[in-house]
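Me: I've got a two-chain model open and want a quick tour. Can you walk me through it?

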Amino acid sequence: MENLLANPTSYSQAAPLAGAAGTPVLRLTNIEKVYQTSTIETVALNQVNLVINRGEFVSIMGPSGCGKSTLLSLMGLLDEPTRGTIEVDGRPVQSYSDRELAGLRNLKIGFVFQSYHLINDLSVVDNVELPLLYRPGMSGKDRRQRALAVLDKVGLGARTGHFPSQLSGGQRQRVAIARALAGAPEIILADEPTGNLDSVMGEEIMDLLLGLNRQDGVTIVMVTHDEQQALKTERVIRFFDGSQVG
Amino acid sequence: MLRHLFTLIWNRKRANLLLISEIFFSFVVLFVVGVVLITTAENYLTPHGFNYNEVWRLQVRAGQGLKMPRAELDEVLRHVKALPGVRTVALTSGNVPFVFSTNNSEFSYQGKKSPVTNVYDADDHYLEAMQLHLREGRWFGPAEDGSNHRPVVISQDLRQSLFGNGPAVGKVFTYLNPGKDPKPEHQFLVMGVVDNVRMSSDFNAAEPSVWNRLIPFDTTHWETANVLVRVAPGEGGALQEKIARTVAGVTRQWTTEVRVVNDDRLNRRRYTLVPVVGLSIVGLFLIINVALGLFGVLWYNISQRRAEIGLRRAMGATGAGIGWQFLGEMMVVTTFGVSLGSLLAAQFPLLNAFDLPAHPYLLAIGGAAGAVYLITALCAWQPSQLAAGIQPAVALREE
């Protein structure tokens, strides 16, 4: 199977898989996230210090409401911490503009969600092309080639013209993984990727993620409730009430 | 990105059908209103082809069931013309300018058919009274007293339809269906050609016209005579009273009414403007309704697509990019509606509908398209900004 991620094609803006395995790719220091309304202050994350190294497969576990998804949003630069710093490749991002953060997300981070978040009105291949639409200078032909290649990689080469409603849950999650891979990101952030799937399909998706990590060296941070799946990853980080407990 | 937007809209065509229909109908309404307004404005700016200032309409009535002898009527006209302040008087038919009275017919010349043409009776002084602008030939006069045919003067547009670029003066034309052996009075000898005239109202287009000579010595007895009186500038009520007294001095049985042609013009203007203004108001309300509808649909659309917005932000879209995307989608939807509307609207100039030239239609298509794009852009702007401001982390958590 072609290693697409180690060879992110010819477009100039593509993020290279730079850096040696084991070097920090994400560093969170003294992170606090507080949601404030006029009457209530909710501490979602409290004094979180975390380093994700390149090539790692890390799972984050904890009960519902403990701040796992908030942590993933912060790692994915979708939200800003109330206090603390986030560094990507050693560079703090708190002073980055909206445009710079969007560029960083596009180049370095792929997202996989529990509910897939596919656009139902777009075909499978159009869904997979989505992150490449926000990559300036990439031609439509290159986008299509790359989307077809990653769909082939996740075993959906024969379903490119289908629409999400025509696919099973497992196939939809494969499309979502293909979409995350299309931009050749260094990091995949997966928020309960098997949460909506039965155990067989869940295993398939887990195997796919493990393959991406072990064969292609993609850094993966996965939020999960499944202890068995978490144990398959290199490191398990546990949260409780917004704090890291293990 | 544009291809992506077209793909997205095309795949959502069923959901967007209502929106496209609304835009289509808005375009059609704006197009119709546009054609009416452009045509009306163009007509308004076109010269009338005669001078209605200082012209009065004198109507003399013999009374119910009574006829006025022509000789007696000529006597009245002589006395009126002799009054100080009266420049000239001209006997004409009832379809004087700006009144709700028409008399029309169709004519032909060597197989060429005229459009429906206004027919006026006019005496030899009509040209002077109305200050028509003679382009070719001359107005009829005593020299035509012995003519075998009916002397007429025609307007330029009638001249074009019957004679094209060939000579017109001296030619004889007939009614459209003259019969085998038309009478001499039904054969019309062109004496002159005048500029096009707009006698219906300020907002109506010029209509082909023909002026038939009223022969001074004809023996027709009328119930009512219509006389155009050109007066000196500044003349008013006092002269009108004198005219009424003068007519009464000749014959006490006859009644008179004097009206200022300019007053008739202003009165007719109101009647003509009412439907135009009404159509514009209805169109405006319809467009406001459509705009509010679009606004509501877009708000709903964005609330339904919050997760997609969050996803796109996660994939690398900026907030501003999301705003532009929604605006762009609306423009693509508008393009579908406007394209359908333009296809329909283009049939009007192609089929030469309502005998209008092509340019009002083309201008109205351009104007309606511009207005629809502007309206949809304005309606989409605020919801797009709302979409741009959606926090991706919040939007992704909602589903």
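This is a predicted model: local features need pLDDT of at least 70, side-chain atom pairs count only at pLDDT 80 or more; totals for chains, interfaces and linings use all residues.

Me: Give me one bridge I can click on. What is the bridge partner of Thr29(A) in E4(A)?

Reply: Thr85(A) is the partner of Thr29(A).

Me: And the whole sheet, what order do the strands of chain A come in?

Reply: The order is E2-E1-E4-E5 in chain A. The sheet is open, has 4 strands and pairs antiparallel.

Me: Which strands stand at the edges?

Reply: Strand E2 (41-53) and strand E5 (91-92) of chain A. Each has a single partner strand, so one side of each has no neighbour in the sheet.

Me: What lies across that sheet?

Reply: Helix H1 of chain A, residues 68-75. H1(A) lies across E1, E2 and E4 of chain A and runs at about 125° to E1(A).

Me: New topic, the interface. How many residues of chain A are in contact with chain B?

Reply: 24 residues of chain A, against 22 residues of chain B. On the chain A side, the elements giving two or more residues are H1, helix H2 (98-108), strand E6 (109-113) and helix H3 (124-133).

Me: Which one gives the largest share?

Reply: H2(A), with 6 residues.

Me: How do the residues on that chain A side divide into nonpolar, polar and charged?

Reply: The side of chain A that touches chain B has 10 nonpolar, 8 polar and 6 charged residues.

Me: What ipTM and pTM does the model score?

Reply: ipTM is 0.85 and pTM is 0.75.

Me: And the pLDDT, what is the mean for chain B?

Reply: The mean for chain B is 89, and 98% of its residues reach 70 or more. Chain A averages 86, with 91% of the residues at 70 or above.

Me: Where in chain A does pLDDT stay under 50?

Reply: Over residues 1-18 of chain A. The model has 39 contacts beyond four places in sequence for that stretch.

Me: On to chain B. Which domains does the assignment give?

Reply: Domain 1 of chain B covers 2-46 + 268-398, and domain 2 covers 63-253.

Me: How far apart are the C-alpha centres of those two domains of chain B?

Reply: 51 Å. The two do touch: 9 residues of domain 1 of chain B are in contact with 8 residues of domain 2 of chain B.

Me: Which elements of domain 1 of chain B give two or more residues there?

Reply: Helix H2 (13-45) and helix H7 (261-304) of chain B. H7(B) gives the most, 5 residues. The domain 1 side divides into 3 nonpolar, 4 polar and 2 charged residues.

Me: Where does UniProt place the transmembrane regions of chain B?

Reply: The unreviewed UniProt entry puts them at residues 16-38, 273-300, 321-346 and 358-381 of chain B.

Me: Helix or strand over 273-300 of chain B?

Reply: Residues 273-300 of chain B are 100% helix and 0% strand, with end C-alpha atoms 40 Å apart. Residues 321-346 of chain B are also 100% helix and 0% strand, and their end C-alpha atoms lie 35 Å apart.

Me: Last one. Which residues of chain B does UniProt list for the permease C-terminal domain?

Reply: The unreviewed entry lists residues 281-392 of chain B as "domain: ABC3 transporter permease C-terminal". In the model, that span is 88% helix and 0% strand, with its end C-alpha atoms 43 Å apart.

Definitions and conventions: Residues are numbered from 1 along each chain as its sequence is written. Chains are lettered from A and ligands numbered from 1 in the order in which they are written. UniProt positions are given in the numbering used here, feature names are shortened, and annotations may be inferred rather than shown by experiment. Two strands pair if DSSP finds at least two bridges between them. Two residues are in contact if their C-beta atoms, placed from the backbone, lie within 7 Å. Axes are lines fitted to C-alpha atoms, for helices over the stretch in contact, and angles run from 0 to 180 degrees between N-to-C directions. Ala, Val, Leu, Ile, Met, Phe, Trp, Tyr, Cys and Pro count as nonpolar, Asp, Glu, Lys and Arg as charged, and the others, Gly among them, as polar. pLDDT is the predictor's confidence in each residue, from 0 to 100. Domain bounds come from an automatic or database domain assignment.
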